[in-house]
Structures are given as C-alpha cells and as structure tokens.
Amino acid sequence: MEDRCQLLRDGGFTNFFISILILLGILLSYVTQHYRIISRGSSEGISPYFVLLGVTSANAQFGNILSLPASRADVACCKEVSPFECTAGLLGIAQIGTQWVCFATILVLFLVFFRRDDADLAEEELERDPDQPSWKTALTVGGICVVHGLFVVIISAALAFGAPAYLGVWANILGVMAATLAAVQYIPQIWTTYKLKHAGSLSILMMTIQTPGGLLFAASLAARLGWAGWSSWGVYVLTAFMQGIVLTMAIRYEWPRDGGPHSPSPPPQRPPYNRRTTPRVLPSPGPYSAHLHAYGETQEEIEHALDRESVQGLGENQPLLAPGGIGSSGTR
C-alpha cells in the first residue's frame, strides 16, 4: 500500500500533463463523431454490431479498471497524498470512464438518428445500402448494451462489498472480455464500410485522432499499471490496429485516386459534328431555311434541317419517272 502511495507522489508534472492531453484527446475525438451523426441527421454507415461490441467492450473495460487492485490502491492513497497527486493518480480511471461515457453517447445518437426521414444523405449513398438494419435490430442492440452494463455493475458491486478477495480475478475476466470484444469490434464495421464504399456517419477525424492516440493511451496505462495491468492497456493496442484499417478504407473511399474504380465518371460528351465544307445552294428559302429558329438552336440541328430541305428540294425538281426519281422503278 505504501509503495503504491509513493508512486503517486513520484508521478510528477510530466505524467500529469500527458494524462491531461490524453483525456482532452479522448473528448475531442468523440465529440467529432457525435457532431458527425448530428450534422448528417443520420447514423447511416455505422454498423449496429460495431456499436454493440464497442459499448459492451467499454462496459467491461470500465469495470476492469475499477476492479483492479492497483486502481483500488490508488483510490485508498488519496487519503495520504496531496490533492494534486491524487488527481494525477486517478486520471487513468478518468480517461477510461470518459471513453465509456462517450461511446455510450454514440449508442444514444445511433438510436435517436436511426433511419431518419429528414437525414441529409446523398441519393447515391442510400442506393449503396439496400440492406439497412431494421429498427428491431437497433433496439435489440440498445437493450443488450444496457443489460450488459447492469450485469457488470451488479457483479462488481457484489464482489466489492461481499468478496473483495475475488475482485482481482473478476478484473482479469473483464479485461479478457474487453480485449476479446475489442478484437472483433471493428470487423462488422470494416465489412459495412467495404460494402457501402463510403464512410457514412463515421467520423474520419475521430479515427485520425484515435488511431495514434490509442497507442499513446496504451503506453500511458502500461507505464502506470505495468505488466500486471496488461488486461487494461492491451485492449487499446488491439483497438488502435483495427481502427487503423477502417481509417484507411474510409480515406480511400472518400478521397479516391484519379481514375480509381470509385472516382466520379465524367459527364458524357456529345460526339463532334463535322460541318459542311462545301457551300449549300438553295434556289429560294424553303420550309426549313425560312424558319430556322423553329427547327434548331445549335449549329448541328440547323445543319441537319438544311440537309433535309436540300434532299426534299432535289426530289421536287426531279421528274417522277426519270431515273432516280421517286416514281422510277430503277429499270428501263
């Protein structure tokens, strides 16, 4: 216990400053995702199974950090160290708690803006998603997340008050659960993004911040908890790797390279029209040349009308039974 308190005293301003930056980065990254959903008025493009796995993983991760012996020792040391040292020592718990709240907010926004009729979506994006999840699926995801969260809270509280000696084992179980869920969390989102060929309501800025930030966050937790806390920081290494895959796909689809398979095709061009190089001789204004404005607006349409008038004029001046005439049979 005393050794743990001494670690809090030796934390220093550097660790405190880095922890504050990570906490602000978590908030900023998730706020961009919240804004993305709200501004589009839709959660289209976000896989419901990605939300399910993400929230349940966050539930398990938050329960894990609260149940770890090292975290409980840090909380107990707040009675013996200064307020600054206590705050610095509990920032790891605050970071994971903030992430849990932010991901739970994504779940709420996913349900609130699920398949809204007034969503600001391009028609081509809707056409690429013929198999949109149903309301039943969305509500089932929300219900499972709530039940799972209550399960973690109830079991953790029961062990804390009734059998604290087993909290360490429970913390490792939650850590393995969080790591397993995080390992597969991005698989349904990778498939959804691949199928839609666009990022949808996923925030590219959020993933740009979180992919390197997840590795930095894992390093910060590892420095504080050591190898004994592998179940806490290992999940963020896995998450950062999987999130990097989704980020690469989203950037590829939103900003395709020139000539790529998803780059917009140029508008069809009218084939070039070969103008006449020889003057057209008409004996007098005919039915077309006297009212050219009624038969065409472009040079091509006008030339076509004059050609028709020339052919008709030739037929009218030629005897019906003469060779080549309208009434000629072609034989003599």
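**Exercise 1. Find the helix that holds S71, and decide whether S71 is buried or exposed.**

Step 1: S71 sits in helix α4, which spans residues 69-77. Helices here are DSSP runs of H or I with at least four residues, numbered from the N terminus. This is a predicted model, where local features need pLDDT of at least 70, side-chain atom pairs count only at pLDDT 80 or more, and totals for chains, interfaces and linings use all residues. Residues are numbered from 1 along each chain as its sequence is written, and side-chain values use heavy atoms, leaving out hydrogens and water.

Step 2: S71 has a relative accessible area of 3%. Buried means under 20%, exposed over 50%, and partly exposed in between (1.4 Å probe, protein chains only). S71 is therefore buried.

**Exercise 2. Which residues does S71 touch, not counting those up to four places away in sequence?**

Look for contacts, meaning heavy atoms within 4.5 Å. With that sequence limit, S71 touches I65 and I93.

**Exercise 3. Describe the whole protein chain.**

Step 1: Count the elements: the protein chain has 12 helices and 0 strands.

Step 2: Of its 332 residues, 42% are buried.

Step 3: Take the contacts with a separation of 6 or more: 79% of them join residues 24 or more positions apart.

Definitions and conventions: Helix = DSSP H or I, 4+ residues; strand = E, 2+ residues; numbered from the N terminus.
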